[in-house]
Amino acid sequence: MATPVYLEEELGRKWDKCLSDGVFKFGGGLVLGAVFSILFFKRKSWPVLMGGGFGIGMAYSNCEKDINASITGCNTCPEKKPSS
C-alpha cells in the first residue's frame, strides 16, 4: 500500500529544488556575465551582476510556478490570460 504524500512534504521538496535551482542559475549567470565582461566589455562589473540577476529571476519564476501549482492542486493548468 502506498503511503500518502502530504502537502508539507511536497512543498519542502519543492523549496529544496527551488534553492538549488537558484544557486545553479545564479552561478551560471555569474559565469556567463564574467565571460562577456572579459571578452566584450573591458572587465566591467555590470555584466556579471546582470547575469546573476537574470539567473535569480529565472529561478524565481520557475519556483513561483511550481509552488503555485502545488498549492492550487493543478500541475498542468494553463495560465490565465487577463481579459481586455
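How much of the chain over residues 23-41 is helix and how much is strand, and how far apart are the end C-alpha atoms? Over this stretch the chain is 95% helix and 0% strand, and its end C-alpha atoms are 25 Å apart. Helices (H or I, at least four residues) and strands (E, at least two) are DSSP runs, numbered from the N terminus. An unreviewed UniProt entry annotates residues 23-41 as "transmembrane region"; such annotations, given in the numbering used here and with shortened feature names, may be inferred rather than shown by experiment.

The model is predicted: local features need pLDDT of at least 70 and side-chain atom pairs count only at pLDDT 80 or more, while totals for chains, interfaces and linings use all residues. Residues are numbered from 1 along each chain as its sequence is written, and side-chain values use heavy atoms, with hydrogens and water left out.

**The helix pair**

The axes of H1 and H2 come within 7 Å and cross at roughly 160 degrees. Axes are lines fitted to C-alpha atoms, for helices over the stretch in contact, and angles run from 0 to 180 degrees between N-to-C directions. The crossing angle makes H1 roughly antiparallel to H2, a term for angles over 145 degrees. The contact of H1 with H2 has 15 nonpolar, nine polar and six charged residues. Here Ala, Val, Leu, Ile, Met, Phe, Trp, Tyr, Cys and Pro count as nonpolar, Asp, Glu, Lys and Arg as charged, and the others, Gly among them, as polar.

**The disulfide**

A disulfide, taken as a pair of cysteine sulfur atoms within 2.5 Å, joins Cys18 to Cys63 with an S to S distance of 2.2 Å. Cys18 lies in helix H1 (residues 7-40) and Cys63 in helix H2 (residues 46-72), so the pair ties together parts that are 45 residues apart in sequence. The link of Cys18 and Cys63 is right-handed, with 105 degrees about the S-S bond.

Buried means under 20% relative accessible area, exposed over 50%, and partly exposed in between (1.4 Å probe, protein chains only).

| Residue | Relative accessible area | Class |
|---|---|---|
| Cys18 | 11% | buried |
| Cys63 | 10% | buried |
| Val31 | 53% | exposed |
| Lys42 | 76% | exposed |
| Arg43 | 67% | exposed |

Val31 is placed in helix H1, and its C-alpha atom is separated by 8.4 Å from that of Gly52, 21 residues apart along the chain.

Conventions: Angles under 35 degrees count as roughly parallel, over 145 as roughly antiparallel, 65 to 115 as roughly perpendicular and the rest as oblique.
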